[in-house]
Amino acid sequence: MSIEDVPSNRRRGGDIRVILSPATVGSTAGFMGTLRLAPAEVVTEHWHPYSEEFLFCVSGGITVRLDGRELPLRANEGVHIPLGVKHRLMNDGPEPAFLVFALGPLAPRPELGHVDTEVLPGSAP
């Protein structure tokens, strides 16, 4: 699968592409994708009731808020986001950021995988 094979999802902010998933490759344990965040872009706060997340910054840098605590995530650094931890991603730097993420295990149904705690700024609730 290629990043160009899947559509961009911008519902929570940024350019999120789920590349390897049950829908694209029939995976049963989790999914993997990429995130591009332009300067000043965010991925709104949410949490995963069934999955833990692994986030790796390939280039650029962002700030990750984990249950209210902010930490920098720079190129060649990764962070583990445990199950149930609220998280928000913010590119507060001058250059675009490119990240890779993986989540697992899968939620029982896709619509149960994310719990949103804020709406994307500028979008309708």
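Helices (H or I, at least four residues) and strands (E, at least two) are DSSP runs, numbered from the N terminus. The structure described here is a predicted model, in which local features need pLDDT of at least 70 and side-chain atom pairs count only at pLDDT 80 or more, while totals for chains, interfaces and linings use all residues. Residues are numbered from 1 along each chain as its sequence is written, and side-chain values use heavy atoms, with hydrogens and water left out.

The protein holds 1 helix and 10 strands. Along the sequence, their pattern reads β-α-β-β-β-β-β-β-β-β-β. The C-alpha atoms fill a box of roughly 40 × 30 × 30 Å, taken along the principal axes. The radius of gyration (taken over C-alpha atoms; the globule rule is 2.2 Å times the number of residues to the power 0.38) is 14 Å for the protein. This agrees with a compact globule, because a globule with 125 residues would have a value near 14 Å. Of the 125 residues, 40% count as buried. Buried means under 20% relative accessible area, exposed means over 50%, and partly exposed lies in between (1.4 Å probe, protein chains only). Contact means heavy atoms within 4.5 Å. Among contacts between residues at least 6 apart in sequence, 67% join residues at least 24 apart.

The largest pocket was examined next. On a 1 Å grid over the protein atoms alone, a pocket is an open set of points with protein on both sides within 12 Å along at least five of seven lines, where a 1.4 Å probe fits; lining residues have an atom within 4 Å of a point. Grid points are joined across faces, edges and corners, and a volume is the space filled by probe spheres set on the points. The largest pocket has about 790 Å³ of space. Its lining numbers 31 residues, and Asn9, Val18, Phe31, Pro110 and His114 lie nearest the centre. Two or more lining residues come from each of strand E1 (15–20), helix H1 (22–25), strand E2 (31–37), strand E3 (42–47), strand E4 (52–59) and strand E9 (97–104). H1 gives the largest share of this lining, 3 residues. By type, the lining divides into 17 nonpolar, 9 polar and 5 charged residues. Here Ala, Val, Leu, Ile, Met, Phe, Trp, Tyr, Cys and Pro count as nonpolar, Asp, Glu, Lys and Arg as charged, and the others, Gly among them, as polar.

Strands of a sheet pair through backbone hydrogen bonds, either parallel or antiparallel. Two strands pair if DSSP finds at least two bridges between them. Strand E5 (residues 61–66) is mostly covered, with 5 of its 6 residues buried. E5 pairs with strand E6 (residues 69–74) in the antiparallel sense over 6 bridges. The two form a hairpin with 2 residues between them. In the turn, Asp67 has a positive phi of about 45°. E5 is also joined to strand E8 (residues 87–90), by 4 bridges, and these two run antiparallel. Arg65 stands opposite Glu70 in E6 and opposite Arg88 in E8. Thr63 stands opposite Met90 in E8.

Ile3 is found in the segment before E1. Leaving aside neighbours within four places in sequence, Ile3 is in contact with Arg17, Ile19, Thr34, Arg36 and Phe98. Ile3 and Arg17 are 14 residues apart in sequence, yet their C-alpha atoms are 6.9 Å apart in space. A cis peptide bond joins Gly104 and Pro105, with omega about -5°. Pro105 lies in the loop between E9 and E10.

Positive phi values also occur in two loop residues. Ala40, in the loop between E2 and E3, has a positive phi of about 75° although it is not a glycine. Ala40 is exposed, with a relative accessible area of 68%. Asn76 sits in the loop between E6 and strand E7 (77–81). Its phi is near 70°, a positive value in a residue other than glycine. Asn76 is exposed, with a relative accessible area of 63%.
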